[in-house]
Amino acid sequence: EAVECSNADIIVFMDGDGTYSASDLHLLIEPLVNDKSDMVVGSRTLGRREKGSITTFNTLGNALFNRAINFAMKSSISDSLSGYRAMYRKTFNDLILFGDNFEIEVEMTVEALIKGYRLLEVPISYGLRRGSATKLDPINDGIRIGQTLLFILLNVKPLKFFGILSLAFFIAGLYPASQVLYEKILFGEIIHMPSVVFSSLLFVTAAVSLVMGFVSELLVRSRKRLEYLINKRLH
């Protein structure tokens, strides 16, 4: 659960579990005061972490989400799940957020990248949780965060997502197809008919995934154009 503090037109979010240090606050505020960033994120990956503060499972999960975001958005985020961040009030008001739990950090990160805001990461200290047990469920919350990230990416880069899916099905279909072709050339007939059905199914699925990617991309671009025209009229 985040604790929100405000100073003039700057909003600071800090998880209230004692793992983040208030002494690092100036690191997040300074880039905003000097107009060098629109959102500043305290990166646990770049900073110093107390031994045992983050489990290996959580570290791997964070790294996976970071890679997915960086691949889709062509960014270089190191800690998308950080609960210590600051931003201008106008930046926060412009973010479209649906999450009410741990997935909110991912939404903030991706929304800022989508809208072209200047996002800066600064190294911070991260310590052990004291006084209470963590509410984080690595499995359930990880699934929720993954679903949120997938939903966001599908609304931003659908062609890239479905393109990769299409390529995966196509590559998977090459092996049974090569077996069928080998039997046809060597024996003059196809012995394993299930391989024909299986490879055909994989190739058709690959084609359908690619078509879905193009249609989704068209819808996303049309929506962005409509949003641009509406905002232009409003302003």
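The second largest pocket holds about 620 Å³ of space. Its lining is made up of 19 residues, and those closest to the centre are Ile 96, Glu 111, Lys 115, Arg 223 and Glu 227. Please keep in mind that this is a predicted model.

Which elements give two or more residues to that lining? They are helix 4, at 104–114, helix 5, at 138–154, and helix 7, at 193–234. Helix 7 supplies the largest share of the lining, with five residues.

For the method in general, empty space is found by rolling a probe the size of a water molecule over the atoms.

Now the overall layout. How many helices and strands does the protein have? The count is seven helices and five strands. Read from the N terminus, the order is β-β-α-β-α-β-α-α-β-α-α-α.

The protein has 235 residues, and 36% of them are buried. On contacts, take the pairs of residues that are at least 6 apart in sequence: 70% of those contacts join residues at least 24 apart. The accessible surface of the protein is about 14,400 Å², and carbon and sulfur atoms account for 64% of that area.

Last, two points on the backbone. Asp 35 has a phi near 55°, which is a positive value in a residue other than glycine. Where does Asp 35 sit? Its place is the loop between helix 1, at 25–33, and strand 3, at 39–49. Is Asp 35 buried, partly exposed or exposed? Its relative accessible area is 47%, so Asp 35 is partly exposed.

The other residue is Lys 74. Its phi is positive as well, about 55°, and Lys 74 is not a glycine. Lys 74 lies in the loop between helix 2, at 56–73, and strand 4, at 84–88. Lys 74 counts as exposed because its relative accessibility is 74%, and the cut-off for exposed is over 50%.

To go back over the main items: the pocket of about 620 Å³, the lining with its largest share from helix 7, and the positive phi values at Asp 35 and Lys 74. That is what I have for today.

Notes
Residues are numbered from 1 along each chain as its sequence is written. This is a predicted model: local features need pLDDT of at least 70, side-chain atom pairs count only at pLDDT 80 or more; totals for chains, interfaces and linings use all residues. Side-chain values use heavy atoms; hydrogens and water are left out. Helices (H or I, at least four residues) and strands (E, at least two) are DSSP runs, numbered from the N terminus. Buried means under 20% relative accessible area, exposed over 50%, partly exposed in between (1.4 Å probe, protein chains only). Contact means heavy atoms within 4.5 Å. Accessible areas come from the Shrake-Rupley method with a 1.4 Å probe; for residues, only the protein chains shown count as cover. On a 1 Å grid over the protein atoms alone, a cavity is a set of points where a 1.4 Å probe fits but cannot get out, and a pocket is an open set with protein on both sides within 12 Å along at least five of seven lines; lining residues have an atom within 4 Å of a point. Grid points are joined across faces, edges and corners, and a volume is the space filled by probe spheres set on the points.
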